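Open the structure in your viewer and keep the selection tool at hand. We will go from stop to stop, picking a few residues each time.

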Amino acid sequence: MIIADSVFNTKTPDSIGEGIVTNVSAEVLQYQGLVESLAKEYDVAEYSGIILAMMMQESGGRGNDPMQSSESLCGSIGCIQTPEESIEQGVKYFAETLKKAEGDVKLAVQSYNFGLGFIPYALERGGYSKEVAIEFSRMQYQKVKHTGNYSCIRPESAETGACYGDIGYVDAVFSYYDYGGSTVVIGGNFVSPVDGMNMTSDFGTRYHPITGEQHSHKGIDFACINHVTPINAVADGSVVFSGVQNGYGNIVILQHAPDLFTAYAHSSSNSVKQGQNVKAGQQIAVCGSTGDSTGPHLHLEFRTEQYGGFQDPKSYLGL
Ligand SMILES: [Zn+2]
């Protein structure tokens, strides 16, 4: 899995699908026309955006096998010589998984990573879910671990013993594809600021990860899948600050009401400008690790004043 260096903040309209690809590299976008015409040929025209998002996750659009489809073609790596061959085989294989998955798009996407054997397994269990993917990965790992070719690198895999394939594949692919319905109303009038809402650090007193000193954590932290995960506004509002601040790195501050502000810190880049109005669920930044941060995450604050009155975000978000 390679994440491209050149990342676009602008959303690029996918001319066919309902959703749009977002934050994919220039290397991926150069194949947009080819992917769209092949998707049409293999009768999956409306999924060209998903296929581009998969390419981003597979290779960042680089190399001679950007869809990493050698294995599905000939059972081993290296039999594909050109990007065109790779993309045609990738689209064909995705079309096959989608058909077998009976239209369950997430199941088709996960099967692109796990292999076709996952499809009947998941269909018997009500279709794709992360839990079913973890179960399958764990089961497969028990069968193949003696080969020594699989390792539990991802913390989530190591924890669950789900070390076959990539159990985070669907989340990763969908971080490059915005289909509008991805934001979830999570409590009161707020929507999720980041996919998964995996809280890694709570509001209140804690020890600083770098200095080791005790201090008061003025917000909560959420894990990000990678450096291109979108960060979304939790509610309608206006941008009162977008730039860099000491410790926070890149930070966006939104105002939602005279006495309610939210702040989103450590992003790799901000996608909005001061004075701009935003809608709930709109992307305002890209997850990152700028400022005092040890890895990509979102630091989210709720404030009653632009620069003070720190509140526990959990009570707003229903966590
Ligand atoms: Zn934090």
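**Stop 1: the whole chain**

Keep in mind that this is a predicted model. Show the protein chain as a cartoon. It has eleven helices and 18 strands. Now colour by burial. Of the 319 residues in the protein chain, 51% count as buried.

**Stop 2: the zinc ion**

Select the zinc ion. Which residues coordinate the zinc ion? They are His 217 through NE2, Asp 221 through OD and His 299 through ND1. The distances run from 2.0 to 2.2 Å. Along the sequence, the donor residues follow the spacing H-x3-D-x77-H.

Select His 217 and Asp 221. Both are buried.

Now select His 299. Its place is in strand S17, residues 297–305. Is His 299 buried or exposed? Its relative accessible area is 6%. The cut-off for buried is under 20%, so His 299 is buried.

His 299 and Phe 222 lie 77 residues apart in sequence. In space, their C-alpha atoms are 6.6 Å apart. Then show what His 299 touches, leaving aside neighbours within four places in sequence. The contacts include His 217, Lys 218, Gly 219, Ile 220 and Asp 221. Tyr 248, Ala 263, Tyr 264, Ala 265 and His 266 are also among them.

**Stop 3: helix H2**

Select helix H2, residues 32–41. Gln 32, Val 35, Glu 36, Leu 38 and Ala 39 are buried there. Asp 43 follows H2 and has a positive phi, near 70 degrees.

**Stop 4: helices H3 and H6**

Select helix H3, residues 48–59, and helix H6, residues 105–114. Their axes are 12 Å apart, and the helices pack at an angle of about 30 degrees. Angles under 35 degrees count as roughly parallel, so H3 and H6 are roughly parallel to each other. The crossing of H3 past H6 is right-handed.

Show the side chains at the contact. From H3, pick Ile 50, Met 54 and Glu 58. They meet Val 105, Val 109 and Tyr 112 in H6. The residues of this contact are five nonpolar, no polar and one charged.

**Stop 5: helices H5 and H6**

What meets what between H5 and H6? On the H5 side are Gly 90, Tyr 93, Phe 94, Thr 97 and Leu 98. On the H6 side are Val 105, Ala 108, Val 109, Ser 111 and Tyr 112. This contact of H5 with H6 has seven nonpolar residues, three polar and no charged.

**Stop 6: a loop**

Finish at Gln 274. Find Gln 274 in the loop between strand S14 (269–270) and strand S15 (277–278). Gln 274 has 56% relative accessibility and counts as exposed.

Gln 274 and Leu 254 are 20 residues apart along the chain, with 9.1 Å between their C-alpha atoms. Not counting residues up to four places away in sequence, Gln 274 touches Val 239, Val 240, Phe 241 and Ser 242.

Conventions. Residues numbered from 1 in each chain as written. Predicted model: local features only at pLDDT ≥ 70, side-chain atom pairs only at ≥ 80, totals over all residues. Heavy atoms only, no water. Axes fitted to C-alpha atoms, helices over the stretch in contact; angles between N-to-C directions. Helix = DSSP H or I, 4+ residues; strand = E, 2+ residues; numbered from the N terminus. Parallel < 35°, antiparallel > 145°, perpendicular 65-115°, else oblique. Left-handed = near helix turned anticlockwise from the far one by under 90°. Contact = heavy atoms within 4.5 Å. Nonpolar A, V, L, I, M, F, W, Y, C, P; charged D, E, K, R; others polar. Buried < 20%, exposed > 50% of the residue type's maximum accessible area, 1.4 Å probe, protein only. Donors = N, O, S within 2.8 Å, 3.2 Å for Na, K, Ca; no water.
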